[in-house]
Amino acid sequence: MKKAIVAMLGYACPFVFGAMFIDYSRWPPMVGFALMLVVTSILAVIISKAWGIKAVILGNILTFVVSYYFVGSMEDVDRWGSYFKPLTPVQMLVFVSVCLVLFQLVVVKIKLRKDSFMNKKRIYFTLIVLLAFTMNLVPALMYPDIKMTIFHFIISVAALFSIALLTAKQRKIVFVGGALAGLLIFVINLTFLSDARLNFAVLDILLSIEYPLYLLIVTPLFGLNYVFSLDYDMFALLVTAVFTMLFLIGKMFIRDAT
């Protein structure tokens, strides 16, 4: 019980703000976000053993509130307001906080629950993809102002390999969905967003389609740009090519009765 109380007090630390500030200070982005994930996951496991999942969510609300205060206190600091563009600092805080909660819940599920082997494989897949998403989020949004590192490349490759943990049907959904999403992002960027004749209403609609697809599909794999150094639309086309190739390889060589 004492450990759980200390762990709950630990959530009073502004973890997301700390990760954002480390990135803003031009430290390697991996440092702040990796520490955030590791420390909060440990706290979540300790608290969930004593008080359950609801206490973990309560702890995350606490750290969000503290982070929100510190993010607001940075309003007048040079470059802070535009550093995370196209997101504002508050939007970045909310987005990372949601990812952080999901990551902790997956870790707790792996640690505390006795699931079937197939369920555990899906949980591990989710954990790896969430890790890749969180690690690549800031570089993917700010590239080429922030360069990719070998660590981003490794976690993106791990995300690709983690697809093997899924069943054949699930892999097919990921490959086909990822390929179509990458192609759609490429077409929207190349054909529509570069057209100055489009009015703002049409642009808003196109961006509302493209941006979620980019975040969900492209961001976990953006570490591959450590090797390719492509702009956004060409990298989306690369993602389409990678998913298409993996889909064809799976059809030809992999048999999975599940």
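# Rings, core and helices in a predicted model

Colleague: Is Y83 buried or exposed, and what is its relative accessible area?
Modeller: This is a predicted model, and in it a residue counts as buried under 20% relative accessible area. Y83 is therefore buried, with a relative accessible area of 4%.

Colleague: How many aromatic pairs does the count come to, and what geometry do Y83 and F84 show?
Modeller: The count comes to 18 aromatic pairs. Y83 and F84 form one with 5.0 Å centre to centre and 85° between the planes. Because planes over 60 degrees apart fall in that class, the geometry of this pair is edge-to-face.

Colleague: What relative accessibility does F84 have?
Modeller: The buried class takes residues under 20%. F84 counts as buried, its relative accessibility being 1%.

Colleague: Where in the chain are the partners F153 and Y226, and how many residues apart are they?
Modeller: F153 and Y226 form a tilted aromatic pair, with 6.2 Å centre to centre and 45° between the planes. The pair links distant parts of the chain, since F153 lies in helix α8 and Y226 in helix α11 (residues 225-228), and the two are 73 residues apart.

Colleague: Which residues have the most contacts inside the largest nonpolar core, and which helix gives the most to it?
Modeller: In soluble globular proteins, nonpolar side chains tend to be buried together. Here the largest nonpolar core has 69 residues, and those with the most contacts inside it are M36 and M92. The helix that gives the most to this core, with 12 residues, is α7 (residues 117-142).

Colleague: Which residues does M92 touch, leaving out those up to four places away in sequence?
Modeller: M92 is one of the residues with the most contacts inside the core. Its partners beyond four places in sequence are M20, F33, F84, L87, L137, V138 and L141.

Colleague: Where is S162, and which residues does S162 touch?
Modeller: S162 is found in helix α8 (residues 150-162), and a relative accessible area of 3% makes S162 buried. Not counting residues up to four places away in sequence, S162 touches F125, I128 and V129.

Colleague: Which residues of helix α1 are buried, and which are exposed on the other side?
Modeller: In helix α1 (residues 2-10) the buried residues are A4, A7, M8 and G10. They cover an arc of only 150° around the axis, and so they lie on the same side of α1. The exposed residues on the other side are K2, V6 and L9.

Colleague: Where is confidence lowest and where is it highest?
Modeller: The mean pLDDT of the protein chain is 83, and 87% of its residues reach 70 or more. Where pLDDT is low, the predicted coordinates should not be read in detail. Confidence is lowest in helix α10 (residues 200-218), at a mean of 72, and highest in helix α4 (residues 53-73), at 93.

How values were computed
Residues are numbered from 1 along each chain as its sequence is written. This is a predicted model: local features need pLDDT of at least 70, side-chain atom pairs count only at pLDDT 80 or more; totals for chains, interfaces and linings use all residues. Side-chain values use heavy atoms; hydrogens and water are left out. A nonpolar core is a set of buried Ala, Val, Leu, Ile, Met, Phe, Trp, Tyr and Cys residues joined through side-chain atoms within 4.5 Å. Buried means under 20% relative accessible area, exposed over 50%, partly exposed in between (1.4 Å probe, protein chains only). Helices (H or I, at least four residues) and strands (E, at least two) are DSSP runs, numbered from the N terminus. Contact means heavy atoms within 4.5 Å. Rings of Phe, Tyr and Trp (its six-membered ring) pair if their centres lie within 6.5 Å; planes under 30 degrees apart count as stacked, over 60 as edge-to-face and the rest as tilted. pLDDT is the predictor's confidence in each residue, from 0 to 100. The arc is that of the directions from the helix axis to the C-beta atoms.
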